[in-house]
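Open the model in your viewer and keep the selection tool at hand. The stops below are taken in turn.

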Amino acid sequence: PPRPKHRYSSSVDGSGLFSAAGSAARRDAAAAQALADVLEAKKAMSPEQLAELAAIDPKRAKRILANRQSAARSKERKARYMTELERKVQTLQTEATTLSAQLTLFQ
């Protein structure tokens, strides 16, 4: 026999310790909808969808917007870092060529 779960736990299939036996179809439908909602929430939201979410759940919309801004700042930092590395590579290549020429001259 299956072990009883903690009374506050819920599984994806909707089975729980205090569920009524006649509501299996309703639980399955609710679980399917909850799973669909989670999967949809994981996808990128358009600004219109984010504005709609802000009316429903402003705290979540604020967190999503903050995450987007943080990601944009991270991309900018990465681009600046890559540009700086490219500049350093160019400088070091030039210096290596110059030093190689000097070494050849001294030899």
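A salt bridge is a side-chain nitrogen of Lys or Arg within 4 Å of a carboxyl oxygen of Asp or Glu. The model is a predicted one, and it holds one salt bridge.

**Stop 1: the salt bridge**

Select Glu84 and Arg87. Their side chains meet in a salt bridge, with 2.5 Å from N to O. That value falls within the 4 Å cut-off. Both residues belong to helix H3, where they lie three residues apart, about one turn of the helix. Side chains of opposite charge can pair when their charged atoms come close.

**Stop 2: the nonpolar patch**

Stay on the surface and select Tyr81, Met82 and Leu85. Together they form a nonpolar patch with about 290 Å² of accessible area. Leu85 is found in helix H3, which spans residues 58–106. Its relative accessible area is 33%, so Leu85 is partly exposed.

**Stop 3: the annotated segment**

Now select residues 75–102. The UniProt record, an unreviewed entry, places the feature "coiled-coil region" here. In the model this segment is 100% helix and 0% strand. The C-alpha atoms at its ends are 40 Å apart.

**Stop 4: the nonpolar core**

Which residues make up the largest nonpolar core? Select Met45, Leu50, Leu53, Ala61 and Ile64, which are its five residues. Helix H2 (47–56) and helix H3 each supply at least two of the core residues.

Center on Ile64. With neighbours within four places in sequence left aside, Ile64 is in contact with Met45, Leu50 and Leu53.

Then move to Ala61, also a residue of helix H3. Ala61 is buried because its relative accessible area is 6%, and buried means under 20%. Not counting residues up to four places away in sequence, Ala61 touches Leu50, Leu53 and Ala54. To check one of these pairs, display the distance between the C-alpha atoms of Ala61 and Leu50: they are separated by 6.2 Å, although the two residues are eleven apart along the chain.

**Last view**

Definitions and conventions. Residues are numbered from 1 along each chain as its sequence is written. This is a predicted model: local features need pLDDT of at least 70, side-chain atom pairs count only at pLDDT 80 or more; totals for chains, interfaces and linings use all residues. Side-chain values use heavy atoms; hydrogens and water are left out. Patches are made of residues with over 30% relative accessible area and no salt bridge: like charges are joined within 9 Å, nonpolar side chains (Val, Leu, Ile, Met, Phe, Trp, Tyr) within 5 Å. Accessible areas come from the Shrake-Rupley method with a 1.4 Å probe; for residues, only the protein chains shown count as cover. Helices (H or I, at least four residues) and strands (E, at least two) are DSSP runs, numbered from the N terminus. Buried means under 20% relative accessible area, exposed over 50%, partly exposed in between (1.4 Å probe, protein chains only). UniProt positions are given in the numbering used here, feature names are shortened, and annotations may be inferred rather than shown by experiment. A nonpolar core is a set of buried Ala, Val, Leu, Ile, Met, Phe, Trp, Tyr and Cys residues joined through side-chain atoms within 4.5 Å. Contact means heavy atoms within 4.5 Å.
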